[in-house]
Amino acid sequence: MDSDISSHPDIAVVPMGLGHLRQVIDLGYQVFDTQAKPYTSWSLTSVAEHLDSAGRSCWVAVDSDRVVGFVLASMEFELREDWAYLEWIAVAPDMQGHGVAARLMTACCDLLFRHGAARIVTDVENHNTASAAMMRRNGFTEGTTVTLFVRPNPEEAVAGVDDQVTLGPGTKRDLIRRGRITGDGRHGRPSR
């Protein structure tokens with residue numbers, strides 16, 4: 001569990017600005033495995049899309065002039081106009097376990113709810129147990145309404161990789177766009 005951030009009193013959580021861009025991109029490349037899905041879509045474009053969105057909630061954690069964490073989210077969840085999408089969160093390895101992610105999540109989610117979000121959706125790669133635990137600690141619950149089924153071509157099977165299927169071209173957003181959200185029964189069918 002995250003310890004109190006009071007051990008790092010100089011850390012400030014502030015809205016992300018253009019002056020933070022280079023450090024956010026570099027931190028993403030440091031923290032995300034950009035060779036593996038879903039992180040292969042990490043790029044300047046990924047960040048810029050969030051900064052350009054009307055319902056954005058992009059925050060950085062700054063220690064002096066160093067960006068030690070960030071979160072990128074927006075009110076642009078393709079299948080529900082009243083749902084927000086938290087797409088990216090990262091904390092520098094030397095700052096993990098100090099409550100930085102929790103402070104980023106609080107700032108991000110509070111603003112998305114003020115923007116009118118009824119729900120905030122995020123996704124975590126199923127082997128990323130640390131991120132899943134962090135999401136649970138911050139009020140998220142598993143709410144899968146889509147299961148991505150993958151059938152590999154047996155002619156292209158690689159020895160020793162049978163239990164791990166890599167996805168073809170596409171980003172996390174592409175996969176979400178292809179999915180269908182069915183609603184949870186309390187809020188009816190999706191608006192689109």
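The structure is a predicted model, in which local features require a pLDDT of at least 70 and side-chain atom pairs count only at pLDDT 80 or more, whereas totals for chains, interfaces and linings use all residues. Residues are numbered from 1 along each chain as its sequence is written, and side-chain values use heavy atoms, with hydrogens and water left out.

The protein chain contains 5 helices and 5 strands, where helices (H or I, at least four residues) and strands (E, at least two) are DSSP runs numbered from the N terminus. Read from the N terminus, the order of the elements is β-α-α-β-β-β-α-β-α-α. Among contacts with a separation of 6 or more, 67% join residues 24 or more positions apart; a contact denotes heavy atoms within 4.5 Å.

Confidence is expressed as pLDDT, the predictor's score for each residue, from 0 to 100. The mean pLDDT of the protein chain is 78, and 72% of the residues reach at least 70. Strand β2 (residues 57-63) has the highest confidence, at 97, and helix α5 (residues 172-178) the lowest, at a mean of 48. Over residues 160-171 the pLDDT remains under 50, and the model has 14 contacts beyond four places in sequence for this stretch. Residues 175-192 likewise stay under 50, with 41 contacts beyond four places in sequence. Where pLDDT is low, the predicted coordinates should not be read in detail.

Of the 192 residues of the protein chain, 39% are buried. Residues are classed as buried under 20% relative accessible area, exposed over 50%, and partly exposed in between (1.4 Å probe, protein chains only). The protein chain exposes about 11300 Å², of which carbon and sulfur atoms supply 51%; these areas come from the Shrake-Rupley method with a 1.4 Å probe, and for residues only the protein chains shown count as cover.

A search of the whole structure identifies 3 salt bridges, each defined as a side-chain nitrogen of Lys or Arg within 4 Å of a carboxyl oxygen of Asp or Glu. Side chains of opposite charge can pair when their charged atoms come close. Within helix α1 (residues 21-31), R22 and D26 lie 4 residues apart, about one turn of the helix, and form a salt bridge whose closest N and O atoms are 2.9 Å apart. R22 is exposed at 53% relative accessible area, while D26 is partly exposed at 39%.

A salt bridge also joins the side chains of D94 and R66, with an N to O distance of 2.7 Å. Because D94 lies in the loop between β4 (83-91) and α3 (100-114) and R66 in strand β3 (residues 66-74), the pair ties together parts that are 28 residues apart in sequence. D94 is partly exposed, at 46%, as is R66, at 32%. The side chains of R136 and E142 likewise meet in a salt bridge, at 2.5 Å from N to O. In this pair R136 is partly exposed, at 46%, and E142 is exposed, at 56%.
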